[in-house]
Amino acid sequence: MDRRDGAPGEGDLIQIGVAVDIPEPWGGQLTRRRAEAGDPQAADIPAHVTLLGPTEIPVAALPAVERHLAGVAAAHLPFTLHLRGTGTFRPVTQVVFVAVAAGISECELLAAAISAAPELRRETRFPYHPHVTVAQDVPPEALDKAYEDLADFSAMFEVEAFTLFSHSGQARWQPRRDFRLGG
């Protein structure tokens, strides 16, 4: 629906995603590295670990989704996330990422619990694999450079919350609400 006031209408759809933000100084460093690789998505997507990829839902379902996410967050404790080294999904997809070395199972459990809501079930092309994308759909040389430049990357931090993001299709992904782990 086209609304002149910009407010969503009852039948409108919204694109959402859920992610763990990468804190500073590492988040900015990884986002800049993605931009340096020539990845056009770097301007719109800050460094993160995806828990729920882009999913279109009715705007009217947002309150139920937020209640579900609050319940998921309350049922899971904070955890340590350790990012270390690089990996790639090549040749299946043209992606280089920073690997999750510790906190994998916690991310997997969160992702599964989040996607259990009827409004959030969606078809996925690949099994869930927590990671931080640093180059995607760029020339092979740029993928190789990102892979090599970040091979020694390491960051360790406590994950105390995850964030619901939304995207209008016209601007950068916007944080809507943080959900603190453990209630």
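Strand S5 (residues 131-136) is largely enclosed by the rest of the structure, because five of its six residues are buried (under 20% relative accessible area, with a 1.4 Å probe and protein chains only). Strands here are DSSP E runs of at least two residues and helices are H or I runs of at least four, numbered from the N terminus.

This is a predicted model, in which local features need pLDDT of at least 70 and side-chain atom pairs count only at pLDDT 80 or more, while totals for chains, interfaces and linings use all residues. Residues are numbered from 1 along each chain as its sequence is written, and side-chain values use heavy atoms, leaving out hydrogens and water.

## The sheet

Let's look at the partners of S5. Strand S4 (residues 95-102) runs antiparallel to S5 and is joined to it by five bridges; pairing takes at least two DSSP bridges between two strands. Within S5, valine 132 has valine 98 opposite it.

The open sheet has four strands, ordered S5-S4-S3-S6, with antiparallel pairing. S5 and strand S6 (154-159) are its edge strands, each pairing on one side only.

## Alanine 47

Alanine 47 sits in the loop that links helix H1 (26-36) with strand S2 (48-58). Alanine 47 is buried, at 7% relative accessible area.

Beyond its neighbours within four places in sequence, alanine 47 has contacts that include Leu30, Thr31 and Val132, contact being heavy atoms within 4.5 Å. Valine 134 lies 87 residues away from alanine 47 in sequence, yet the two are 7.9 Å apart in space, C-alpha to C-alpha.

Notes:
Buried < 20%, exposed > 50% of the residue type's maximum accessible area, 1.4 Å probe, protein only.
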